[in-house]
Amino acid sequence: MNINQVDATMPFGNTHNQLKMNYTAEQEYPDLSKHNNHMAKVLTLEMYANLRDKQTPSGFTLDDVIQTGVDNPGHPFIMTVGCVAGDEETYEVFKDLLDPVIEDRHGGYKPTDKHKTDLNPDNLQGGDDLDPNYVLSSRVRTGRSIRGFCLPPHCSRGERRGIEGLSVEALGALDGDLKGKYYALKDMTEEEQQQLIDDHFLFDKPVSPLLLASGMARDWPDARGIWHNDNKTFLVWVNEEDHLRVISMQKGGNMKEVFTRFCTGLTKIEELFKEKGHEFMWNEHLGYVLTCPSNLGTGLRGGVHVKLPNLSKHEKFGEILKRLRLQKRGTGGVDTAAVGGVFDISNADRLGFSEVELVQMVVDGVKLLVDMEKCLEAGQSIDDLMPEQK
Amino acid sequence: MDSCFHSFQFIISGECDPVPLEEEKVTPPCGKVKQKEVLATPWHCNKERHTYFCSAALKKVKALPLYLIATILQKIRPTSAGLKYLAVCDSESSRLAAAASEGRVIGRLLCWEKGRYPQHSPASSSNPSVYPSVCPFFKTSFIWRDLVCFYRVKMASSFARILSSKRKVGILSLVGAGSLTVGFFLNREQHVNAGAHVRRIYPPSAEYPDLRKHNNCMASHLSPAVYAKLCNKTTPNGYTLDEAIQTGVDNPGHPFIKTVGMVAGDEESYEVFADLFNPVIKERHNGYDPCNMKHPTDLDSSKIRGGQFDEKYVLSSRVRTGRSIRGLSLPPACTRAERREVEKVVVDALAGLKGDLAGKYYSLTQMTEQEQQQLIDDHFLFDKPVSPLLTCAGMARDWPDARGIWHNNEKTFLVWINEEDHTRVISMEKGGNMRRVFERFCKGLQEVERLIQEKGWEFMWNERLGYILTCPSNLGTGLRAGVHVTLPRLSKDARFPKILDNLRLQKRGTGGVDTAAVGNTFDISNLDRLGQSEVQLVQTVIDGVNYLIECEKKLERGQDIKIPAPISQFK
């Protein structure tokens, strides 16, 4: 006798929502009194009560969305988002929660705003002449999600493997400068692993509680892998924090070349997916849809590793970056400190600006920062170089 | 026709919505009746008394599975309203007392046997607890035998309002002793917002985890066939197989011990996923077969012989176990409200402890700095789990909400709330008086059980698996009784591991599991959890540790020691 037959298996999380409905909203509402993240600021008891009986068609619930924010009250340096999407529909079904979070996180982006996508590298002006004495490397990354599949917090093993299969197939059809090879995390040899580590390509199982609490690391390392071209300038992560993370990079300051390869590669990959009948998650309001609301829109982080030993000590450094709409990180990425005066400088925005606009900001901004650094080296003041707020 | 003829009768009180059924003639089937036949057999309804008759000949009445009863109940009570958190128990169970006194008994399943019993007077039609003794069909005398009783498990008062709502699902969960298996039925309403996309469904073969590099009990027994059979099933609370095995998939193996690799989200998990749990339990518990063995529970500490160790060697004594509150999901699956409910139920009960057991509760969310420091100094404070074995199972969600520590004023009886289980109960003291530690342990546990039963709650327990806890490794007694003992000479003897093995003891470092011994002091405790009673296990530890001390003394005097004969595992 069939004890119980469900139509779709929901493998993870609080998806047995019916059980929670036996309790009142007050009884289930999380204690957010000590929390400091975007979700906690927005999620009132009333909102919780209104949204908690809803779920997306694949069964993602409000509690699934907010679990990471409940488990991680706050980050010492940055205001974290505190919620994730389990599928494309999450942003619709739970818009009452996510719209204000998005607005807060993305500088006032309204639910009615439209996002512009521009992946034409010819629209970028300059960017090929950043001084390589200061700019050590240039890099652009973004993410892409395959429509019709659940996102990493919610996907089943079968789906994740499906995503890997499709991605490997599409990437396998790239040629020319983009021709490359896929390394599945669970099948790679010792030598391959060491080589990927030396190239700084290998990604590890997430250790950040922000990611773990959302369920993205389930079944590691099943269906995860790294693809890169033979030239080692174009890299794709499969099934890490998003379905695909696409990275274009090279040493030196030729951001134009990096961005051109980025756009070309992305466009080609998108075409290859479309040939097979798949497309990326995208809409007019949110742009490219990714797991974390902070990566909506372009999902783009374009940046450089740049030597700014003098400027970084200047009292106005933070203010300058803010006006240029740039952010700094250590050279190990988010949550790391700068080493030897070398900083990772990248765009602060993701949504509401197109890809070209964001990379333009980086190119123009870094150029100015390098000029300021040279001034300070020469003992001159940088006051007349101070930029306007962008 | 079988000479031993059984029939069944449901008597349901008026709490359920009466459903008018047409009176139909009954044709008792011949011989052994299969499920389908029982289900197909029409039920004759006496509307005034909400009594339903059915004739079904079964060879072994006690083998009527509960899910079948549930299905029958669902058939005759399709609205299911009022059957939320329905429990069933053997009618001789003392658990019935609280339920009856609070008017929570809503029905009985009776069976009668023909021809062996004296005639009874006809029952009064207004009192459903007196059973009719004349079968309406065969006009011969029968005696009614209470097979099971249905009663509502006590929940918080807010449930009274919820129960009247028609949107709720019906759940039947097993309560009490007996060989009846758990069954359930589910009437789920969907609250899905219609979306444009339909979720892609993958076949079990595409979802089957890659366990080739895994070394845990779950991986040893989860074949693709078992996965395919179980992956679409859920417990009444919605817990799935994938959730149960997630921790084992995410954690391929521990360097020193073969981990279990799966957890239960609720009591029913052990039934719904029995095809996987049973072999895992058998492997982990050294051959205990849940399908045909029974677990003895014995908390009568007066049966202990000896139990006062030589304090020159034994530095401290400790007994721990866990208990789960029936009707509430376990830590991997519980909702915030359920976890808070567990906290409330247990803290209320603990507040009723008196004498040397009187104590105080410290909630993790509300304790002061001083309280926290004191608990750290006493080595009582537990932290958010960091072990991926636990975090991957979802036990650390919403930390530290509804977690806390209770201990008595004398600091010899300690309860952890909502850590890895609903409750972990620990009795301990410095020195070697294991007897007194166990006495306090039993007294405390029985008191707590009495106090929660007064309020209508009970512990999860059944005859096959004993006390139900989150991890299958803790089933049965969930008991680990141990001492910190110094054995400088014996520990260096090559025969030490074999001696421990034959005594059915295990050694750990003094930091607990996964630690090394410091100096020559070891944590020695029982190896087994399931298949022997608490008294038996503690006696094993007492006898075993005494033997170890004797060996140590012999070695001190330059005498030789002997490896003892292996003691039998299942008594």
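Analyst: A residue is called buried when its relative accessible area is under 20%, exposed when the value is over 50%, and partly exposed in between. Please keep this cut-off in mind, and note that the model before us is predicted.

User: Are A:Arg245 and A:Glu241 buried or exposed?

Analyst: Both A:Arg245 and A:Glu241 are buried. Their side chains also meet in a salt bridge, with N and O 3.5 Å apart.

User: What is the general idea behind such a pair?

Analyst: Side chains of opposite charge can pair when their charged atoms come close. In this structure, a search over all chains finds 58 salt bridges. One of them joins A:Asp230 and A:Lys179, at 3.8 Å from N to O. This pair links distant parts of the chain, 51 residues apart: A:Asp230 sits in the loop between E3 and strand E4 (234–238) of chain A, and A:Lys179 in the loop between H8 and strand E2 (180–184) of chain A. Because its relative accessible area is 45%, A:Lys179 is classed as partly exposed.

User: Which residue forms a salt bridge with B:Arg326, and where do the two partners lie?

Analyst: The partner of B:Arg326 is B:Glu267, and their closest N and O atoms are 2.4 Å apart. B:Arg326 is in the loop between E8 and H11 of chain B, while B:Glu267 is in the loop between helix H8 (241–250) and helix H9 (269–272) of chain B, so that 59 residues separate these distant parts of the chain. With a relative accessibility of 1%, B:Arg326 counts as buried; B:Glu267, at 11%, counts as buried too. Elsewhere, salt bridges with shared partners join A:Lys20, A:Asp63, B:Arg336, B:Arg339 and B:Asp398 into one network.

User: What is the phi angle of B:Asp398, and where is this residue found?

Analyst: Phi of B:Asp398 is near 60 degrees, a positive value in a residue other than glycine. The residue is found in the loop between H13 and E10 of chain B, and it counts as buried because its relative accessibility is 3%. B:Lys411 likewise has a phi near 60 degrees. B:Lys411 belongs to the loop between E10 and strand E11 (413–417) of chain B, and its relative accessibility of 31% makes it partly exposed.

User: Which peptide bonds are cis?

Analyst: Among them is the bond that joins A:Trp220 and A:Pro221, with omega about -5 degrees. A:Pro221 lies in the loop between helix H10 (209–212) and strand E3 (225–229) of chain A. In chain B, the bond from B:Trp399 to B:Pro400 is also cis, with omega near 0 degrees. B:Pro400 lies in the loop between helix H13 (388–391) and strand E10 (404–408) of chain B.

User: How do strands of a sheet pair?

Analyst: Strands of a sheet pair through backbone hydrogen bonds, either parallel or antiparallel.

User: How is the size of an interface often given?

Analyst: It is often given as the accessible area lost when the parts come together. In chain A, the domain assignment gives domain 1 (31–106) and domain 2 (121–385). These two domains bury about 1,900 Å² between them, 65% of it on carbon and sulfur atoms. On the side of domain 1, A:Glu88, A:Tyr91 and A:His106 lose the most area to domain 2, together 33% of what that side buries. One salt bridge is found across this interface. A:Glu88 also forms a salt bridge with A:Arg147, the closest N and O atoms being 2.6 Å apart.

Notes: Residues are numbered from 1 along each chain as its sequence is written. Chains are lettered from A and ligands numbered from 1 in the order in which they are written. This is a predicted model: local features need pLDDT of at least 70, side-chain atom pairs count only at pLDDT 80 or more; totals for chains, interfaces and linings use all residues. Side-chain values use heavy atoms; hydrogens and water are left out. Helices (H or I, at least four residues) and strands (E, at least two) are DSSP runs, numbered from the N terminus. Buried means under 20% relative accessible area, exposed over 50%, partly exposed in between (1.4 Å probe, protein chains only). Domain bounds come from an automatic or database domain assignment. Buried area is the accessible area (1.4 Å probe) that two parts lose on being put together, summed over both. A salt bridge is a side-chain nitrogen of Lys or Arg within 4 Å of a carboxyl oxygen of Asp or Glu.
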